[in-house]
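Thanks for coming. I will take a few minutes to walk through one structure for those who have not seen it before.

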Amino acid sequence: MSEKNSPRKADKIVAVKGMNDIMPPESAVWEALEARVRELMRRFSFENVRTPIVEPTSLFVRGLGEVTDIVEKEMYSFEDRLNGEALTLRPENTAGVVRAAVEHSMLYNGPKRLYYMGPMFRHERPQRGRYRQFHQIGAEALGFGGAEIDAEVILMAHMLWKELGLADIELQINSLGQPNERNSHRAALIQHFESHLDLLDEEAKRRLHLNPLRLLDSKNPGMQAVIESAPKLIDFLGDASREHLETVKKILDAHRVSYTVNPRLVRGMDYYNLTVFEFVTTKLGSQGTVCAGGRYDYLIEQIGGKPAPAVGWAMGVERVLELIKESGVALRQPGLDVFAVITDVANLQAVMPSLHVLREAGLSVQMQASTSEGMPSMKSQFKRADASGARFAFVFGPDELASGQVTVKSLRDSNVPQATLRIDEMATWAASLYPTV
Ligand code: ATP
Ligand code: MG
């Protein structure tokens with residue numbers, strides 16, 4: 001083709017910064033983790049909810065608090081072009097789940113245990129473990145006031161780490177008390193920081209009178225000393241709040257779950273009260289929190305529902321998967337059972353019903369289909385079969401097909417001799433492959 005007639009190659013379009021494609025083979029590990037989580041949720045009787053990715057902006061402003069990192073600088077907000085409504089890509093999903101539960105009167109007949117999985121969006125500086133589109137798995141127990149449910153949700157996350165074989169995760173817990181206790185702490189905090197104004201950054205100075213608790217979760221290294229010496233909320237707790245924390249600790253002790261009480265632990269949203277907790281690892285650098293949560297007894301009311309207590313957590317899926325990789329844990333995924341090698345393109349259609357039988361029997365089967373160049377050579381098909389990780393290659397050559405048979409070659413165990421199998425006995429063979437199923 002002459003230069004003049006060739007179409008101009010279009011510029012490549014790439015993904016938005018901080019937003020990642022999840023491609024095979026990594027996506028198989030995602031699926032394996034999700035399957036483990038579903039199984040965990042089943043055992044703890046948490047039911048799945050799927051809420052929209054876009055919510056009214058006011059949900060997060062009201063729910064998370066105006067003077068928070070998320071609401072002040074991390075939300076992807078936009079105006080609906082058609083009706084001017086203020087919308088936001090969800091930065092987290094506790095507020096969304098609560099909105100949905102209230103909207104559908106889900107708590108009308110008593111409390112509910114719910115969970116979700118999905119993407120969240122925050123405009124942050126992308127780095128390891130910190131993305132602009134990331135994924136959370138979250139559990140929310142709505143309508144429960146007692147400390148035992150705080151412990152139950154913590155035990156649930158702990159069980160997941162154990163089942164995944166992740167050992168380097170520390171549980172930190174704290175209590176944020178109740179609003180009135182926070183008020184006296186707030187006054188003490190303001191006094192403390194006012195006497196060290198020279199040590200505060202501009203953001204901290206601005207937030208000091210708006211929301212002084214937020215200064216405590218500043219990530220500015222230069223402010224850590226003044227944060228460290230600040231009055232601790234835990235010293236302002238009344239008896240009931242203390243008792244609540246002690247009960248959570250007692251239940252964790254009874255389950256031999258170790259934890260440390262970290263009086264500096266505050267969370268990034270205003271909705272939390274009483275128990276807050278984080279699961280932290282030292283293996284992921286500064287993005288070490290893999291799961292975080294706490295009690296939020298006033299959020300439901302704030303979003304317009306009938307007052308009801310609640311507790312929950314959200315884990316960062318990318319961080320958990322990174323830790324799985326760091327720890328050398330292999331998340332076992334059922335692999336391919338059969339790779340079908342088919343010598344002649346003319347035989348493809350005749351072979352397909354046999355492969356169908358294998359799949360009906362529960363096996364995972366990849367067929368060598370024709371490409372734009374026709375059928376690859378036998379040699380290259382065998383290479384593909386090896387690379388596929390399949391347990392067996394099924395060879396459908398002209399001789400085999402003529403005699404109603406297939407040659408079965410073990411690809412993972414060279415001690416297993418090659419064998420032939422009658423095509424009409426394939427279902428029985430397939431059933432014998434996984435005798436426990
Ligand atoms: P951090 O202090 O790391 O910013 P956070 O307090 O903002 O975390 P939460 O809002 O509590 O995080 O979200 C729960 C979990 O979701 C975090 O512990 C983390 O594992 C994960 N997470 C939060 N933000 C991101 C992000 N931008 N990229 C990847 N994972 C994230
Ligand atoms: Mg954050």
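This is a predicted model: local features need pLDDT of at least 70, side-chain atom pairs count only at pLDDT 80 or more; totals for chains, interfaces and linings use all residues.

Let us begin with the ligand site. There are 16 residues around ligand 1, and R122, E124, R130, R267 and T289 come nearest. By class, the shell is made of six nonpolar, four polar and six charged residues.

Which strands each supply at least two residues of that shell? They are β6, residues 133-142, β10, residues 289-295, and β11, residues 310-316. Of the elements, β10 gives the most, with three residues.

Now the polar contacts to the ligand. On the side-chain side, a polar atom of E124 sits 2.6 Å from a nitrogen atom of ligand 1. A polar side-chain atom of Q136 is 3.0 Å from an oxygen atom of ligand 1. T289 takes part through its backbone: one of its polar backbone atoms is 2.8 Å from an oxygen atom of ligand 1. As for cover, ligand 1 on its own has 590 Å² of accessible area, and the protein covers 91% of that.

Let me stay with Q136 for a moment. Q136 belongs to strand β6. Is Q136 buried or exposed? Its relative accessibility is 9%, and buried means under 20%, so Q136 counts as buried. Setting aside neighbours within four places in sequence, Q136 is in contact with E92, N93, Y116, M117, G118, M120, R122, A314, M315 and V317. One of these, R122, has already come up as one of the residues that come nearest to ligand 1.

Next, helix α5, which runs over residues 147-164. How far apart are its end C-alpha atoms? They are 26 Å apart, and at 1.5 Å a residue the 18 residues should span 26 Å, so the two values agree. The buried residues of α5 are A147, I149, D150, A151, V153, I154, L155, M156, A157, L160, W161 and L164. After α5 comes G165, with a positive phi near 80°.

I300 counts as buried because its relative accessibility is 2%. Leaving out neighbours within four places in sequence, its contacts are V98, V102, L107, L142, G305, K306, A308, P309 and A310. For a sense of distance, take R38, which is 262 residues from I300 along the chain: the two C-alpha atoms are separated by 25 Å.

Last, some backbone details. The peptide bond from P24 to P25 is cis, with omega near 5°. P25 is in the segment before α1, which covers residues 26-44.

Where is R256 found? R256 is in the loop between α9, residues 239-254, and β8, residues 260-261. L274 is placed in strand β9, residues 273-280. In accessibility, R256 counts as exposed because its value is 77%, while L274 is buried, with a relative accessible area of 5%.

That is the end of the walk-through. I can go back to any part on the screen.

Note on methods: Residues are numbered from 1 along each chain as its sequence is written. Chains are lettered from A and ligands numbered from 1 in the order in which they are written. Side-chain values use heavy atoms; hydrogens and water are left out. A residue is near a molecule or strand if one of its heavy atoms lies within 4 Å of it. A polar contact is a pair of N or O atoms within 3.5 Å; within protein, one must be able to donate a hydrogen and the other to accept it, and residues adjacent in sequence count only if both atoms are side-chain atoms. Accessible areas come from the Shrake-Rupley method with a 1.4 Å probe; for residues, only the protein chains shown count as cover. Helices (H or I, at least four residues) and strands (E, at least two) are DSSP runs, numbered from the N terminus. Ala, Val, Leu, Ile, Met, Phe, Trp, Tyr, Cys and Pro count as nonpolar, Asp, Glu, Lys and Arg as charged, and the others, Gly among them, as polar. The expected span of a helix is 1.5 Å times one less than its number of residues. Buried means under 20% relative accessible area, exposed over 50%, partly exposed in between (1.4 Å probe, protein chains only). Contact means heavy atoms within 4.5 Å.
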